[in-house]
Amino acid sequence: MTDVLDSSPNPDTRDNDEDAGATWWRQAAVYQIYPRSFADANGDGIGDLAGITSRVPYLKRLGINAVWLSPFYPSALADGGYDVDDYRDVDPKIGTLDDFDEMITALHEANIKLIADIVPNHSSDRHVWFQQALAAGKGSPERARYIFRDGLGANGEIPPSDWVSMFGGPAWTRARDGQWYLHLFATEQPDFNWKNPEVHEDFLTTLRFWSDRGVDGFRVDVAHGCAKELPDVLPTQAELDATPTTDGQHPLWDRDEVHDIYAEWRQVLDEYDPPRIAVAEAWVASAERRARYASPKELGQAFNFDLLEADFDAGAFLEIVSTNLAEAKIAGSSTTWVFSNHDVVRHATRYGLPPRGGSDVKQGAEWLLSGGTTPELDVATGLRRARAASLFMLGLPGSAYLYQGEELGLGEVADIPADQHQDPAYFRNPGVDPGRDGCRVPLPWTVDGPSFGFGPARAHLPQPEWFSALSVEAEDDDPASTLTLYRTALTLRNQLQTTEALDWLGSDARSVLHFRRPNGWEVVTNFGTEPIAMPAGEVLVSSGPLSEGTLPGETTVWLKA
Ligand code: GLC
Ligand code: CA
């Protein structure tokens, strides 16, 4: 293992160098911070911006190139901050605009970029526009910023359609005067009407507001949902479900006109030097549909959730990597990779559960609903595979998106008491959707203390005892820890980063993937359980212990010829 390397980027590749200017994002390692669960500076149990600032040295040592910050705006937290009251301010519960400026200055001094989450599909019901819409009444220009409809039935008491929200329960809620408003997510998240030019203008103002404050880019929430075409007679949920999402004509999702919005955003992003970047969260039918969001004329990049939905399987990984590299090339973008985020069961846990076969974003849901008992979780296997998979990903061309805590090998928390859950998905779909609180439990920084160093007091979600052994303090000086693995790999990645390409090297075993980057950097993953002969080359880092001359099962190694 090489752990004595300097973490500054290789000047030959300049990909992560400040001077690389406009292309820094193409192969960045981006670390997602869910601010309310990262670090709590003032001891109120909720992570805050000052907490992030205090941990910049940790982030710098980790070797990441950018932070993606989940919503930090004023919010009642009906959906963990994805219910935004005011797009141009900081939630007073977690800081001020001055704290934001301090945070971004500290990140930039550490040569770390900042990507802000932006939520254009819906605001919160506390947003001034929505409050005005409720007050102004039917047919008003204020109401035309959202999607209001009369109800059905003699007195309009039946919702305009039987649509079910993404979190379960009805997608329409009745206002006091009898009209209904659409919310594809929680009741507190009214959908904007993107046919209204005022909505367009306001988001351009928001993009400028944060870009002027030094934000380097944006992560665009539910990017595929903004454009909607609602006919006078609405289809039923069953009809919606039967409508293809492949041709840009579905009433709600991935409509072709959505791209007009992002073409407009690109104009604003390009007013800056370097241009601001953007990455779309777009759940769409194909790599081809996704590539449209990633076009250089639009957002520039889009999340690719294929690896996140796959089992730990050589064949599946090979197919996904090959397809997405080809698609990105056509789109003129770079590929993105991700295993974990704030919406899914952590991959160290997913990989310790029986494989589901095929792609499935709900992996681990059943286990979570059982309180973490069924099927049986194999913690050691899950962690071993997660480390192998992450080291595989960090060697791939393109951007790697990491989620806070995965560098510690954290698993999902399954035993959150019913009365301490926060996620609307948990409450709106009781017994069916386990919710996403289990991956949002505050990080453990120390082996003990009231919240394992998250802050001076207790944390807003309960942390299990086993967090102690996975804390930063416990892993800091351990050469075998997951934290040491991520630090070593990220540091090496900055030095080795090269042209966005790879060649697959033949391998006899169907459970082994082996590729070489143009500069001779090689990555080999043994997805099987039996050791194989170690390919030639100097070992730079491995995801697990090696024994002489072999690459053990469920292990990745980086080699240099
Ligand atoms: C995105 C976010 C998720 C949120 C939803 C509604 O999918 O990642 O956390 O609940 O949008 O804003
Ligand atoms: Ca706090």
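**Exercise 1. What is the mean pLDDT of the protein, and what share of its residues reach 70 or more?**

Solution. Keep in mind that this model is predicted. Its mean pLDDT is 94, and 96% of the residues reach 70 or more. Next, look at residues 1-19, where the pLDDT is below 50. In the model, this stretch has 42 contacts beyond near neighbours in sequence. Where pLDDT is low, the predicted coordinates should not be read in detail.

**Exercise 2. Find the order of the strands in the open sheet of 8 strands, and then its edge strands.**

Solution. Walk across the sheet: the order is E9-E8-E7-E3-E2-E1-E11-E10, with parallel pairing. The edges are strand E9 (300-302) and strand E10 (336-338), each of which pairs on one side only. On average, neighbouring strands of this sheet are turned by 25 degrees against each other, direction ignored.

Now zoom in on one pair. Strand E3 (residues 113-118) and strand E7 (residues 217-220) run parallel, joined over 4 bridges. At one of these places, Asp-117 has Arg-219 in E7 as its bridge partner.

**Exercise 3. Check the length of helix H16 (residues 482-496).**

Solution. H16 has 15 residues, so at 1.5 Å a residue the helix should span 21 Å. Its end C-alpha atoms lie 20 Å apart, which agrees. Finally, is H16 mostly covered or uncovered? Mostly covered: 14 of its 15 residues are buried.

Conventions. Residues are numbered from 1 along each chain as its sequence is written. Chains are lettered from A and ligands numbered from 1 in the order in which they are written. This is a predicted model: local features need pLDDT of at least 70, side-chain atom pairs count only at pLDDT 80 or more; totals for chains, interfaces and linings use all residues. Side-chain values use heavy atoms; hydrogens and water are left out. Helices (H or I, at least four residues) and strands (E, at least two) are DSSP runs, numbered from the N terminus. The expected span of a helix is 1.5 Å times one less than its number of residues. Buried means under 20% relative accessible area, exposed over 50%, partly exposed in between (1.4 Å probe, protein chains only). pLDDT is the predictor's confidence in each residue, from 0 to 100. Contact means heavy atoms within 4.5 Å. Two strands pair if DSSP finds at least two bridges between them. Axes are lines fitted to C-alpha atoms, for helices over the stretch in contact, and angles run from 0 to 180 degrees between N-to-C directions.
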